[in-house]
Amino acid sequence: MNKSAQHFFTDINGLKSHFIRFEKSEKKIIFLHGWGGEAYKSFFKLALELQQKIPDTEIILLDLPGFGLSENPPVEGWETFEYAKWLNTFFEQLIKKEDQITLYGHSFGCRVIVRFLEKNPQFK
């Protein structure tokens with residue numbers, strides 16, 4: 001594993017949630033994987049390449065609830081809106097308002113981002 005990649009766990013809306021962080025910077029790219037995916041398998045190689053090409057940018061790979069190393073959400077009632085609320089809480093806890101954010105989602109991750117942006121137009 002790359003020295004600058006660190007694994008973290010945090011509680012987001014009562015769920016143990018995993019993410020991988022490369023470096024720290026006010027410029028961030030945040031990746032959300034598709035349904036059935038996970039942060040490490042979906043984006044780790046890409047993150048390593050991006051880290052070399054844009055070293056002044058923090059890269060964050062999130063494991064959505066129920067995937068990778070993140071805890072499963074409740075069986076009933078979780079749709080894209082709940083995942084977007086989870087993402088919003090991640091932002092409230094770990095992202096500063098002055099940070100420059102780029103969001104990248106694959107498939108289901110993109111659907112979550114669209115729901116998130118509906119409630120958070122400042123990131124558009």
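## Surroundings of Ser-70

In this predicted model, Ser-70 touches Lys-16, Ser-17, His-18, Asp-63, Leu-64 and Pro-65, once neighbours within four places in sequence are set aside. Ser-70 belongs to the loop that runs between β4 and α2. Its relative accessibility is 7%, under the 20% limit, and Ser-70 therefore counts as buried.

Two polar contacts involve the side chain of Ser-70. A polar atom of this side chain is 2.8 Å from the backbone nitrogen of His-18. The side chain of Ser-70 also reaches the backbone oxygen of Asp-63, at 2.7 Å.

## Strand β2 and its partners

Strand β2 spans residues 15–22 and is mostly covered, with seven of its eight residues buried. Strand β1, residues 5–12, pairs with β2 in the antiparallel sense through eight bridges. Within this pairing, Asp-11 has Lys-16 of β2 as its bridge partner; Lys-16 is also among the residues in contact with Ser-70. The hairpin formed by β1 and β2 has two residues between the strands, and Asn-13 adopts a positive phi near 50° there.

Strand β2 is also joined to strand β4, residues 58–62, by four bridges, and these two strands run antiparallel. In this pairing, Arg-21 stands opposite Ile-60 of β4.

## Packing of helices α2 and α3

Two packed helices are described by the angle between their axes and the distance between the axes. For helix α2 (residues 80–94) and helix α3 (residues 108–119), the axes come within 8 Å and cross at roughly 70°. This angle falls in the range of 65 to 115 degrees, so α2 is roughly perpendicular to α3.

On the α2 side, the contact involves Thr-80, Phe-81, Tyr-83, Ala-84, Leu-87, Asn-88 and Phe-91; on the α3 side, it involves Phe-108, Arg-111, Val-112, Arg-115, Phe-116 and Glu-118. By class, the residues of this contact comprise eight nonpolar, two polar and three charged.

## Val-114 in helix α3

Helix α3 also contains Val-114. With a relative accessibility of 43%, Val-114 lies between the limits of 20% and 50% and therefore counts as partly exposed. The C-alpha atoms of Val-114 and Ala-84 are 8.3 Å apart in space, while the two residues are 30 residues apart in sequence. Ala-84 is one of the α2 residues that meet α3.

Technical notes:
Residues are numbered from 1 along each chain as its sequence is written. This is a predicted model: local features need pLDDT of at least 70, side-chain atom pairs count only at pLDDT 80 or more; totals for chains, interfaces and linings use all residues. Side-chain values use heavy atoms; hydrogens and water are left out. Axes are lines fitted to C-alpha atoms, for helices over the stretch in contact, and angles run from 0 to 180 degrees between N-to-C directions. Angles under 35 degrees count as roughly parallel, over 145 as roughly antiparallel, 65 to 115 as roughly perpendicular and the rest as oblique. Contact means heavy atoms within 4.5 Å. Ala, Val, Leu, Ile, Met, Phe, Trp, Tyr, Cys and Pro count as nonpolar, Asp, Glu, Lys and Arg as charged, and the others, Gly among them, as polar. Buried means under 20% relative accessible area, exposed over 50%, partly exposed in between (1.4 Å probe, protein chains only). Two strands pair if DSSP finds at least two bridges between them. A polar contact is a pair of N or O atoms within 3.5 Å; within protein, one must be able to donate a hydrogen and the other to accept it, and residues adjacent in sequence count only if both atoms are side-chain atoms.
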